[in-house]
Amino acid sequence: MPKSRVLIAEELSPATVEALGPDFEIINCDGANREELLAAIVDVDAILVRSATMVDAEALAAAKNLKVVARAGVGLDNVDVKAATLAGVMVVNAPTSNIVSAAELAVGLLLASARHIVPANEALRKGEWKRSKFTGVEVADKVVGVVGLGRIGVLVAQRLSAFGVRLIAYDPYVQPARAAQLGVRMVTLDELLVESDFITIHLPKTPETVGLIGDAELHKTKPTVHIINAARGGIIDETALYNAIVDGRVAGAGVDVYGKEPCTDSPLFSLESVVATPHLGASTDEAQEKAGISVARSVRLALAGELVPDAVNVQGGNLHEDIKPLIPLTEMLGVIACALADSAIVRVEVEVRGAVIEHDVRVLELSATKGVFQNLVHDPVSFVNAPVLAEQRGVEISLKTERISDDHKNLVSVSVTQTDGEVVVVSGTVAGSKHQAKVVNINGFDIDVPISSHMAFFRYHDRPGVIGAVGNLLGDAGINIAGMQVSRDNDGHALIVLTVDSPIAPVLLDQITSEIGAHTGKSVAL
């Protein structure tokens, strides 16, 4: 088979190509050159970019085979995620690749601002020895306000705690108890503005955070405050910050990001009390290498049709270790449930029971959807296009959870409702240190069968000789039975579940079904 084609549209770490491995055909182009990008993206399976390449609706429309857009970094300002999702294209980034680098830069800007390091350096280079002019302030014993206590905000807080500061933070999504474990006191934004000697911003750029700190907010700060923004441009109003410094309401600032980038003419650059850098948060060798390796691994997973934890347009997010073995189980339950259905499917419901629901299990809804559509469509089904396929076909997808699981530590059930109202329910779990996936119930029939590549299911009215007849027919066809289990209800109906070493041809399946007088006979390839 031809190799998948991967377009690298910007200069990335050599480790990126190494992480991709030899299984792909690598193509390079200058992503900032629009004509070159549109020509190169036409028949590639994946594109890797940084921040200079615009992957918008036009580029996505030109890409006939594109399956994944990988941004070797955190921000996605240059990728139209909505258009990608509608096109069934997965978008991935490297959300943790630069967090240490960004945190260290924020601390560096804070210290540089406190001690006037940049203007002192410039003066000395001009032959001026002005010690008294550049008298700074100590960080020790000061109040540091962290706006946004996410991954980077936490790292900054941890590093600054070594300076003997008092830490406060504003973040409406962080519980006070969690913050207390970090030695941080949660406050309102107004309280943070009033109390802080240093303010450092670590929020994502969203409609809610743009302009969060503007003129009104900067009238509440101490005149001795130093403000650091190494997060995203626009969160603090740059004009308001300039005016506050000029008016003496803010002592200094460290700025790495701007509302419009590249930025070379901000009025902030004219102020000696402002330390300004050109968006260097992720500009370390280590961060670039981590980002490249991270997205290369994501591309490999995406092109293999696997779940990608760092996909931004796929529900699931970071996966807890207890959830990971349930993902392939749920997908296989979806395949089996779909195979056992006799008519079109209008609804898929996933129920998760047990201790695992303490974590985010939405990915299992996605996994079941992928499994259900595996054999319903001709095109490859991935974690990103499965919801699109369901929506296009009017199939409702839902998820419910229950803490109590009587017989198993964790239990997943996939129910498919058909157009005639009939419902097929398949339940399973994982067992042992190797997380063996098993089917434990099918429409009320209790079983305990490990899931294998080839399985068959026969539902019939129980009578003597059925098991022998099934065995003889399979034996005559040269098909070895790896495992068999029979379950029976109180009305005399029975279910045989078989695992076999090779596929059962449709003709043979019909022959067995007829021979034993089965109500239904189904085979499944997993």
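The crossing of α13 and α14 is right-handed; a crossing counts as right-handed if the near helix is turned clockwise from the far one by less than a right angle, and left-handed if anticlockwise. Contact here means heavy atoms within 4.5 Å. On the α13 side it is made by L326, I327, T330, E331, G334, V335 and C338. On the α14 side it is made by V363, L364, S367, A368, K370, G371 and V372.

This is a predicted model, in which local features need pLDDT of at least 70, side-chain atom pairs count only at pLDDT 80 or more, and totals for chains, interfaces and linings use all residues. Residues are numbered from 1 along each chain as its sequence is written, and side-chain values use heavy atoms, with hydrogens and water left out.

**The chain as a whole**

The protein chain has 17 helices and 22 strands. Helices (H or I, at least four residues) and strands (E, at least two) are DSSP runs, numbered from the N terminus. The C-alpha trace spans about 100 × 50 × 40 Å along its principal axes. Of the 526 residues, 50% are buried. Buried means under 20% relative accessible area, exposed over 50%, and partly exposed in between, with a 1.4 Å probe and protein chains only. Among contacts with a separation of 6 or more, 64% join residues 24 or more positions apart.

**Helix pairs**

Axes are lines fitted to C-alpha atoms, for helices over the stretch in contact, and angles run from 0 to 180 degrees between N-to-C directions. Angles under 35 degrees count as roughly parallel, over 145 as roughly antiparallel, 65 to 115 as roughly perpendicular and the rest as oblique.

| Helix pair | Angle | Axis distance |
|---|---|---|
| α13 and α14 | roughly 40° | within 7 Å |
| α16 (466-476) and α17 (506-516) | about 155° | 10 Å |

The angle between α16 and α17 makes them roughly antiparallel. Their crossing is right-handed. V466, A469, V470, L473 and L474 of α16 meet L508, Q511, I512, E515 and I516 of α17. An α-helix has 3.6 residues a turn, so residues three or four places apart point the same way.

The α13 and α14 pair is therefore oblique. S367 sits in α14. Its relative accessibility is 0%, so S367 counts as buried. Beyond neighbours within four places in sequence, S367 touches I327, T330, E331 and F383.

**The six-stranded sheet**

Six strands form an open sheet in the order β14-β13-β15-β16-β17-β18, with mixed pairing. Strands pair if DSSP finds at least two bridges between them. The edge strands, β14 (396-402) and β18 (445-450), each pair on one side only. From one strand to the next the twist averages 20°. β13 (residues 345-354) runs parallel to β14, and seven bridges join the two. R353 stands opposite E402 in β14.

Helix α14 (residues 362-373) lies across β13, β14 and β15, running at about 140° to β13.

**Helix α5**

Helix α5 covers residues 99-115. The expected span of a helix is 1.5 Å times one less than its number of residues. For the 17 residues of α5 that gives 24 Å, and the end C-alpha atoms are 24 Å apart, which agrees. Twelve of the 17 residues are buried, so α5 is largely enclosed by the rest of the structure. The buried residues include I99, L105, V107, L109 and L110.

**Backbone exceptions**

Most residues other than glycine have a negative phi, and most peptide bonds are trans.

H116 follows α5. H116 belongs to the loop between α5 and α6 (117-125).

H435 lies in the loop between β16 and β17. With a relative accessible area of 43%, H435 is partly exposed.

P262 is in the loop between β11 (252-255) and β12 (274-276).
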